[in-house]
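Welcome, and thanks for taking a look at this one. Please open the sequence and the structure side by side before reading on.

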Amino acid sequence: RFGSTPAVATHGDNAHCSRHPTPTTEGLAAPWANERVRCSPPYSNIRPWVAKAHSETSDACPLAVMLIPANRTGQPWWTDLVEPFRDRGQGLTVEFLPGRVHFVRPGQDPNDEGERPTFAACLLIWQAM
């Protein structure tokens, strides 16, 4: 579990944790040093978030986990920033999740069906080497 891990691609309106960026400490601009980071980036603009995780993960930021659509493996950001490094002992692993992710909105009963996208998802997991 992440405990007090900040969710870096959220803001006050959609945050599910107490630590998240504000308009003045936006997740792409703020350093991720001394943090274990989780991120569900905007699916319309994934590349800068993957690049940020790739560049920030080190001894200073020992772990970054990102939830992304699994149907994007042909995108240039995947072929540039994920494929050359994933599952090759370079600190990046990919875990394809079974089924569809269940998104629950704030205040919604977690037992409700919620929203499910039409695509599967995967986790990109960067760990400092």
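The mean pLDDT of the protein is 78, with 76% of its residues at 70 or more.

**Strand S2 and its partners**

- On one pairing, S2 runs parallel to strand S1 (residues 36–39), and four bridges join the two.
- Within that pairing, Arg-36 has Leu-63 in S2 as its bridge partner.
- To get from S1 to S2, the chain passes through helix H1 (residues 47–56), and this β-α-β crossover is right-handed.
- S2 also pairs with strand S4 (residues 121–127), here in the antiparallel sense and over seven bridges.

**Glu-56**

- Glu-56 belongs to helix H1.
- Is Glu-56 buried or exposed? Its relative accessible area is 19%, under the 20% cut-off, so Glu-56 counts as buried.
- The Glu-56 side chain comes to 3.0 Å from the backbone nitrogen of Trp-32.
- Setting aside neighbours within four places in sequence, the contacts of Glu-56 are Pro-31, Trp-32, Ala-33 and Cys-61.

- As background, most residues other than glycine have a negative phi.
- Asn-34 has a phi near 60°, a positive value in a residue other than glycine.
- Asn-34 lies in the segment before S1, and it is exposed, with a relative accessible area of 70%.
- Asp-87 also has a positive phi, near 55°, and is likewise a residue other than glycine.
- You will find Asp-87 in the loop between H2 and strand S3 (92–96); with a relative accessible area of 42%, Asp-87 is partly exposed.

**Confidence**

- Which elements have the lowest and the highest mean pLDDT? Among the elements of the protein, S1 has the lowest, at 86, and helix H2 (residues 76–81) has the highest, at 95.
- Over residues 1–5 the pLDDT falls below 50, and this stretch has 11 contacts in the model beyond near neighbours in sequence.
- Where pLDDT is low, predicted coordinates should not be read in detail.

Notes
Residues are numbered from 1 along each chain as its sequence is written. This is a predicted model: local features need pLDDT of at least 70, side-chain atom pairs count only at pLDDT 80 or more; totals for chains, interfaces and linings use all residues. Side-chain values use heavy atoms; hydrogens and water are left out. Two strands pair if DSSP finds at least two bridges between them. A crossover is right-handed if, with the strands pointing away from the viewer, the path from the first strand over the helix to the second runs clockwise. Buried means under 20% relative accessible area, exposed over 50%, partly exposed in between (1.4 Å probe, protein chains only). A polar contact is a pair of N or O atoms within 3.5 Å; within protein, one must be able to donate a hydrogen and the other to accept it, and residues adjacent in sequence count only if both atoms are side-chain atoms. Contact means heavy atoms within 4.5 Å. pLDDT is the predictor's confidence in each residue, from 0 to 100.
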